[in-house]
Amino acid sequence: MKIRTLFLIFLSISALNAQTENLTTPRSNCCNPCKPPTTNCPPKLPCCNPCDCIFDFYNPLVTTGWNASLEWLYWKVAQKASTFALTPHGIHQSSPPTTISDAIGKYKSAKFNWSSGVRAGIDYTFVRDAWNFSGQYTYYSTGGTENIFRPSDPTLYVEPTVRGLNLLPPSDGVDHMISKTLFSYQVIDLLLSRRYLPGCQILLNFFAGPTLAAIHERWKVSSFYTVGVDPHATVQTKSHWRFDGGGFRLGVDADWHMGCGMGLYQKLSFAGLAGHYSNKRRTYFTPPGLIQSGQPTFDPIRDTVEYATWVVPNSQLAFGLTWNHRFCSTSMKLQAGFEVNTWYDLHQVHQDGEPLAPANHDRLDIENSSAVNLWGLNLGMDFSF
């Protein structure tokens with residue numbers, strides 16, 4: 001009986017000691033030791049909850065207020081319907097090409113350089129149900145120059161894919177071609193979102209709202225011909241298309257927190273925009289002898305305009321790495337990733353065939369279209385306060 005009584009007393013004392021230890025043990029003993037909380041920043045959730053350590057690193061999950069973001073974009077433009085020349089690619093010809101049927105060689109497309117852009121945003125998270133309203137502005141511009149010279153071998157020729165003029169002999173073909181591009185991209189998003197935590201490591205943020213876009217591209221192709229013994233003749237084509245529209249965007253952000261503030265993020269969104277589209281194209285011809293004399297070029301031999309109301313779909317895909325750190329009342333997030341924005345069938349090029357006779361019905365008009373893809377690296381920082 002005495003042994004049983006002593007055993008019960010021992011168990012009671014042990015339970016009391018364990019309860020006292022639980023109340024006094026620092027939270028860092030039962031959570032991720034990468035970032036032990038301090039007495040000045042007590043955790044806002046119960047101790048030793050499996051999700052507490054994730055919340056410690058990601059302040060916006062447990063507080064409301066303002067958040068500002070800034071991203072540096074290092075992107076490139078890619079589009080298929082932008083070929084302007086055929087290089088000989090080692091294929092010899094006995095005479096210079098004079099018709100479309102003579103197309104021989106390797107295609108060369110307009111060049112776009114890697115360039116920097118910026119994306120800035122600000123948002124506010126409300127107390128009620130953690131709804132968030134954000135505004136975001138993206139700006140990017142780039143350009144490029146591509147030079148093509150005819151090889152010294154007299155049986156190798158450079159051919160333009162868009163014939164501005166049928167130069168019969170004594171023309172000896174194109175000596176030099178220059179392609180210059182200028183691309184500008186601006187997008188504004190106003191989004192309403194709400195976040196969900198399906199697990200202790202996964203955060204989902206669904207968003208939707210209006211979007212506005214202003215995208216335009218200028219493209220100039222100059223071809224320099226040799227005509228007999230006279231100075232070069234020049235054919236210059238200038239194209240300019242522009243799209244200004246607005247629509248609706250919806251998507252989801254996903255953050256996977258892996259520990260010590262590190263994580264992965266993914267973003268996927270789709271949008272449809274309706275707006276005004278314009279496409280202008282002019283081709284000028286400078287006959288031999290006028291270049292050196294400084295006289296003005298002739299009137300355009302091609303002058304076309306297209307105006308239309310278009311509906312343009314857009315998709316956005318981004319993924320990368322994040323690092324989050326929570327202070328007492330603020331938090332910071334750094335991210336580095338890869339992004340692809342695709343605007344479907346936005347780039348349009350009207351290619352004219354050979355004017356085999358003065359009548360208009362002998363002129364071929366072919367419309368080539370392709371998506372405009374903007375892709376590259378993103379480096380960003382978010383600051384919640």
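Q: Helices (H or I, at least four residues) and strands (E, at least two) are DSSP runs, numbered from the N terminus. Which strands each supply at least two residues of the lining of the second largest pocket?
A: This is a predicted model, where local features need pLDDT of at least 70, side-chain atom pairs count only at pLDDT 80 or more, and totals for chains, interfaces and linings use all residues. Residues are numbered from 1 along each chain as its sequence is written, and side-chain values use heavy atoms, with hydrogens and water left out. A pocket is an open set of points on a 1 Å grid over the protein atoms alone where a 1.4 Å probe fits, with protein on both sides within 12 Å along at least five of seven lines; lining residues have an atom within 4 Å of a point. At least two lining residues come from each of β7 (171-196), β8 (202-227), β9 (233-259), β10 (262-286) and β11 (302-326).

Q: How much space lies in the second largest pocket, and which residues are the closest to its centre?
A: The space in the second largest pocket comes to about 280 Å³. Of its 15 lining residues, the closest to the centre are Arg218, Trp219, Lys238, Ser239 and His240.

Q: How many charged residues does the lining of the second largest pocket have?
A: Asp, Glu, Lys and Arg count as charged. The lining also has 3 nonpolar and 4 polar residues. The charged ones number 8.

Q: Which residue forms a salt bridge with Glu146?
A: A salt bridge is a side-chain nitrogen of Lys or Arg within 4 Å of a carboxyl oxygen of Asp or Glu, and the count here comes to 7. For Glu146, the closest N and O atoms are 3.2 Å from those of its partner, Lys108.

Q: Are Asp255 and Lys333 buried or exposed?
A: Their side chains meet in a salt bridge of 3.8 Å, N to O. The pair links strand β9 with strand β12 (residues 331-352), 78 residues apart. Both Asp255 and Lys333 are buried.

Q: Which strands hold Asp303 and Arg282?
A: Asp303 forms a salt bridge with Arg282, with the closest N and O atoms 3.2 Å apart. The pair ties together parts 21 residues apart in sequence, because Asp303 lies in strand β11 and Arg282 in strand β10.

Terms used
Points joined across faces, edges and corners; volume = space filled by probe spheres on them. Buried < 20%, exposed > 50% of the residue type's maximum accessible area, 1.4 Å probe, protein only.
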